[in-house]
Amino acid sequence: MSTIQPMFLNDGSTLPSVAFGTVNVKGARGLYDTLHAIDNGYRLIDTSTNYNNEGMVGEAVKRSAVPREELLISSKLPGAAHSYDKAIQMIQESLYRIGIDYFDKYLIHWPLPKQGQYVEAWQALVDAQKFGLIKSIGVSNFLPEHLDRIIEKTGVTPATNQIERHPYFNNKTLVEENKKRGIVTEAWSPLGREINDVLQHDTILSLAEKYHKQPAQIIGRWNIQNDVLFVVKAASSKHQKENLNIFDFELSEEDMKQIDELDKGEPGRVEGQHPNEYEEFD
């Protein structure tokens, strides 16, 4: 298997450019899948309080033969904990649930601009980083106006912004806006989830045939060549290995453009979750 390319963050740290996503990965089956992912070479594990699986991730960390310091654990602050005190408590609670002393990366899950507390939540992450609870701090689903507000109010730029990105919704403008601010983009649902047939699209299938790769590998490579961290979930060991094996080929400029042209704009979102409208208060 080819070596995983690193991503360099604005805080001086590095992350592998492929992460194991754990949305809907729970319980004993989820533990089995996560341990296999670690065995197959994943070192960055992406979870969230709202995935209700932090305990499972902690069990995987405990049972894995890979030392804790070699595993990078990332979680996310839920909407119910945007006030400063609640955010600090939630970060501590999540660490206790997982059974670790610090997060390698921690994000605000959604900006919730109607609630209007995301600056307070960001200040909590900035302080939690100073307290040694988090190594790298970032956000998820933040638009340029949300990014500029937290940077202006705190003087601290997020290291990453995890956003919806797949061929039907490539979110290219936001990827570029992140780059302008020195923020690494992470892609959630890069394969589009069950309601999205991108893996069966003729363009993706023909490129998979051309490069002797699987459709998911084509999408992974498209992200890597756009300097986007690929957060991908896979249950089978075969697919887990394939999703990591995307560093031994390169898509041509023309083929990258072909994938970009599959974009459907707003109607392409997997669940219609616009960051200025979506309410996540659980």
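Helices here are DSSP runs of H or I with at least four residues, strands are runs of E with at least two, and both are numbered from the N terminus. Counted that way, the protein chain has ten helices and ten strands. Welcome to this structure, which is a predicted model. Its radius of gyration is 18 Å, close to the 19 Å that the globule rule gives for 282 residues, so the chain is as compact as a globular protein of that length.

**The chain as a whole**

- Along the principal axes, a box of roughly 55 × 40 × 35 Å holds the C-alpha atoms of the protein chain.
- Of the 282 residues in the protein chain, 58% are buried.
- The protein chain exposes about 12,000 Å², and 48% of that area comes from carbon and sulfur atoms.
- Take the contacts between residues at least 6 apart in sequence: 75% of them join residues at least 24 apart.

**Two helices that cross: α8 and α10**

- Two packed helices are described by the angle between their axes and the distance between the axes.
- Helix α8 covers residues 215–225 and helix α10 covers residues 253–260; their axes come within 11 Å and cross at roughly 105°.
- An angle of 65 to 115 degrees counts as roughly perpendicular, and α8 and α10 are therefore roughly perpendicular to each other.
- On the α8 side the contact is made by I218, W222 and Q225, and on the α10 side by M256, I259 and D260.

**Helix α2 and what covers it**

- Helix α2 runs over residues 54–63, and its E54, M56, V57, G58, A60 and V61 are buried.
- The cover over the buried residues of α2 includes the helices α1 (27–39) and α3 (84–98), along with the strands β4 (44–46) and β5 (72–77).
- From helix α1 comes L35, whose contacts beyond four places in sequence are A60, R63 and S64.
- L35 and V61 are 26 residues apart in sequence, while their C-alpha atoms are 8.3 Å apart in space.
- From helix α3 comes S94, which is buried with a relative accessible area of 0%.
- Setting aside neighbours within four places in sequence, S94 is in contact with T49, E54, F103 and Y106.

**The loop between β6 and α4**

- L112 sits in the loop between β6 (103–108) and α4 (118–130).
- Most residues other than glycine have a negative phi.
- L112 has a positive phi, near 50°, although L112 is a residue other than glycine.
- With 0% relative accessibility, L112 counts as buried.
- H109 also has its place in the loop between β6 and α4, and at 9% relative accessibility H109 counts as buried.
- Not counting residues up to four places away in sequence, H109 touches S48, N50, Y51, K76, L77, S140, N141 and E280.

**The loop between β8 and α6**

- N171 belongs to the loop between β8 (160–164) and α6 (172–180).
- The phi of N171 is near 50°, a positive value in a residue other than glycine.
- N171 counts as buried, at 15% relative accessibility.

- T203 lies in helix α7, which spans residues 202–211, and T203 is buried with a relative accessible area of 15%.
- Apart from neighbours within four places in sequence, T203 is in contact with Q258 and L262.
- From T203 to D127 the C-alpha separation is 46 Å, and these two are 76 residues apart in sequence.
- R269 is placed in the segment after α10, and R269 is buried with a relative accessible area of 10%.
- R269 and Y168 are 101 residues apart along the chain, and their C-alpha atoms are separated by 7.4 Å.
- Leaving out neighbours within four places in sequence, R269 is in contact with E164, F169, H274 and P275.

Definitions and conventions
Residues numbered from 1 in each chain as written. Predicted model: local features only at pLDDT ≥ 70, side-chain atom pairs only at ≥ 80, totals over all residues. Heavy atoms only, no water. Axes fitted to C-alpha atoms, helices over the stretch in contact; angles between N-to-C directions. Parallel < 35°, antiparallel > 145°, perpendicular 65-115°, else oblique. Contact = heavy atoms within 4.5 Å. Rg over C-alpha atoms; globule rule 2.2 N^0.38 Å. Buried < 20%, exposed > 50% of the residue type's maximum accessible area, 1.4 Å probe, protein only. Areas by Shrake-Rupley, 256 points an atom, 1.4 Å probe, with all protein chains shown as cover.
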